[in-house]
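Let's take a friendly walk through a protein chain, one region at a time. Keep the picture beside you as you read.

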Amino acid sequence: MMHGGGGGRVGYGLMRSLRRDENVKDYKLPKGIVKRIAGFAKPYTAALILFLVLIIIDALVGAVNPLFTRAIINELVGRKDATVVVELAVAVGLLAIFDAGLGLWERWISSRVGEGLIFDMRNKVFNHIQRMPIAFFTRTQTGALISRLNNDVLGAQQAFTDTFNSVIGNIITVGVTLVAMTILSWQITVLALLILPVFIFPARFVGKRLAAITREAYNLNADMNAMMSERFNVAGALLVKIFGRPRYEADAFRAKTGRVRDIGVTTAMYGGLFFTGLMLTATLATAVVYGFGGVLVVHGALTVGTLVAMIQYLTRLYGPLTSLSNVQVDVLTALVSFDRVFEVLDLPPMIDDKPDAVAVARGPAEIAFDNVDFRYPRPEEVSLASLEAVAVLERSGGQQVLFDVSFVAKPGQLVALVGPSGAGKTTISHLSARLYDVTSGAVRFNGFDVRDVTLDSLQEAIGVVTQEAHLFHDTLRANLLYARPEATDEELIDALREAQILDMVRALPDGLDTLVGDRGYRLSGGEKQRVAIARLLLKAPDFVVLDEATAHLDSESEAAVQRALKKVLAGRTSIVIAHRLSTVREADQILVVDGGRVVERGRHAELLEAGGLYADLYHTQFADQVEVQDEEAPVDDDDDEGVDDGPVGGRLLIRMRPDDLGPGLSSLP
């Protein structure tokens, strides 16, 4: 605490104040921020009032100490009454004990308020970010978000408690000290104030240099953190090794850490210069006051005790006065820290519950797209320029990607989406799960516009499997229980069995308690996908959105995942981005998407006969799958051992076994 006794503590707090970045003065603060901060701190009003009272008492106690010293010295020089001297000494000791207890009480209240503010702000920011749409996360830098949650929240708390403590405490300390000094000797008080600029101007000079290199150090530390987070995950480490760049990375990191080292040395030297200047100024001021005050003592205008008391007051005056010279930057730093937190809290989620939203009932699901148009949101609609490097530069975006899309997936039906890359298939799947909201038209779930139902109930009814299954760096058990925390071990085992991965899990030394590693990298691609499918089976959704998860798997893993997916899709309404022929053939309805429009729809045989885009896609994307399977399968003239495939480009006939295409395909043309 800057206003409390020790010079080292005063000096440290003063240096921290002077090294604050003065560029904060250029920051444009919104109106009403002080009122908003006061509202945020409202739950701690009683504690803050008590804290203020303790600061005042602490300042008064500090001002009384030199008076006891004055009385003791005057008694020793004057009457020389030993009893009085002992009593005064005991009083000084008791006052010191009281002041120490007071300081601990202040510290406890300060930490309670400060940690309470951290708790409140972190949870509020975290919960708010969790409500943001996927578009927010696709644009925002993860490091910037973490910085808001950690550094800015911590900065707001420290700025609040430290600024409140130092500014109020220093004002009271300076006021009480100047009053006491003026009463004892106005001449010495004026002299002390005249000496003050000798320290303030060099201190401000050092402070500006410290602020500049501190800002550079923060930026370098941020760069190092970003570099380490990218290189220390599995994907980044693998990329470095594949391209043989460890030496390059080491040199780049060495350059950054070398500059941080140099800044550390410079900071230490500036700090040493600062403290040396503080002590030197205090010593010079003491010498001047002793000289001038000594003359007054010799001429009988001042007592020896008063002179010593004035010297003690002098040590309490310079630090707080110099700190108050930078009070504008201190206060603005506190306000800016809060404003950066409020900036995130003020960004409204694009997708949220309406006040009158209703819960959708569980059961058979019907999904309908009703004349849906869609454009991806512009940067300013979903993110903040301060959270992404491109938001302030990028002026494109917001272009329409879906046009008048309409279809219905009835309960239990499988709707397959096919089309060239970039046609809009993934966008349709995202809208189905309400990861985005339509621009016009409506997506309806069991007759309800998804914007009119609660997100919780909708998310309970919908399950999604993507091509890249994400697993948390935790155990298999924890990753599975994420879908249904109350699930029993028996239910976990059943889900693993249906996902075709139980034997693998049982073969692991730790079974369900095996750590899967960062993003599940300790598992193969097929194993991760089957764990994700088991997790979905535990959730037991009514409607499944599936970006078919077999595109990048080997044939063995693909076969296992395909069998697991059949368990997921059985009896459930599903929309599938199809990469496999078997999925396309089994679909109750195929939507051919091109340029953001549904250009063809129907069943496999119907679309082949039409000879349009689907026939072309079938020839280029799916025909190779048929030929490969045909080469692996023995051809038999028996009708129950083979199936005639439809024409490719009009005439191609290929014979395959039904098992190669999945159940129910022997009846297909």
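## Helix 7 against helix 10

Helix 7 (residues 186-195) and helix 10 cross in a right-handed manner. Handedness here follows a simple rule: a crossing is right-handed if the near helix is turned clockwise from the far one by less than a right angle, and left-handed if anticlockwise. The two axes cross at roughly 160° and come within 10 Å. Axes are lines fitted to C-alpha atoms, for helices over the stretch in contact, and angles run from 0 to 180 degrees between N-to-C directions. Helix 7 and helix 10 are therefore roughly antiparallel to each other (under 35 degrees is roughly parallel, over 145 roughly antiparallel, 65 to 115 roughly perpendicular, and the rest oblique).

## About the model

This is a predicted model, where local features need pLDDT of at least 70, side-chain atom pairs count only at pLDDT 80 or more, and totals for chains, interfaces and linings use all residues. Residues are numbered from 1 along each chain as its sequence is written, and side-chain values use heavy atoms, with hydrogens and water left out.

The chain has 23 helices and 12 strands. Helices (H or I, at least four residues) and strands (E, at least two) are DSSP runs, numbered from the N terminus. Of the 669 residues in the chain, 46% are buried; buried means under 20% relative accessible area, exposed over 50%, and partly exposed in between (1.4 Å probe, protein chains only). Among contacts in the chain with a separation of 6 or more, 79% come from residues 24 or more positions apart.

## Helix 10 against helix 11

Helix 10 (residues 246-298) also packs with helix 11 (residues 304-324), at an angle of about 155° and with axes 10 Å apart. That makes helix 10 roughly antiparallel to helix 11. The crossing of these two helices is right-handed.

On the helix 10 side, the contact is made by Thr281, Ala285, Thr286, Val289, Tyr290, Gly293, Gly294 and Val297; on the helix 11 side, by Val304, Leu307, Ile311, Leu314 and Tyr318. These residues divide into nine nonpolar, four polar and no charged.

An open sheet of six strands runs in the order 6-7-8-3-9-10, with mixed pairing. Two strands pair if DSSP finds at least two bridges between them. At the edges are strand 6 (462-465) and strand 10 (597-602), each pairing on one side only. Neighbouring strands are turned by 20° against each other on average, direction ignored. Helix 19 (residues 525-539) packs on the sheet and touches strand 6 and strand 7 (543-547), its direction making about 175° with that of strand 6.

Strand 3 (residues 414-418) runs parallel to strand 8 (residues 573-577), joined by four bridges, and Leu414 stands opposite Ser574 in strand 8. Four bridges also join strand 3 to strand 9, again parallel, with Ala416 opposite Ile590 in strand 9.

Is strand 9 (residues 589-594) largely enclosed or largely open? Five of its six residues are buried, so strand 9 is largely enclosed by the rest of the structure. Strand 9 and strand 10 pair in the antiparallel sense over five bridges, and Asp594 has Arg597 of strand 10 as its bridge partner. The two strands form a hairpin with two residues between them, and Gly595 in the turn has a positive phi of about 60°.

A second open sheet has four strands in the order 2-1-4-5, with antiparallel pairing. Strand 2 (400-409) and strand 5 (448-449) stand at its edges with a single partner strand each, so one side of each is left without a neighbour in the sheet. Strand 1 (residues 367-375) and strand 2 run antiparallel, joined by six bridges, and Ile367 has Ala409 of strand 2 as its bridge partner.

Methods. Contact means heavy atoms within 4.5 Å. Ala, Val, Leu, Ile, Met, Phe, Trp, Tyr, Cys and Pro count as nonpolar, Asp, Glu, Lys and Arg as charged, and the others, Gly among them, as polar.
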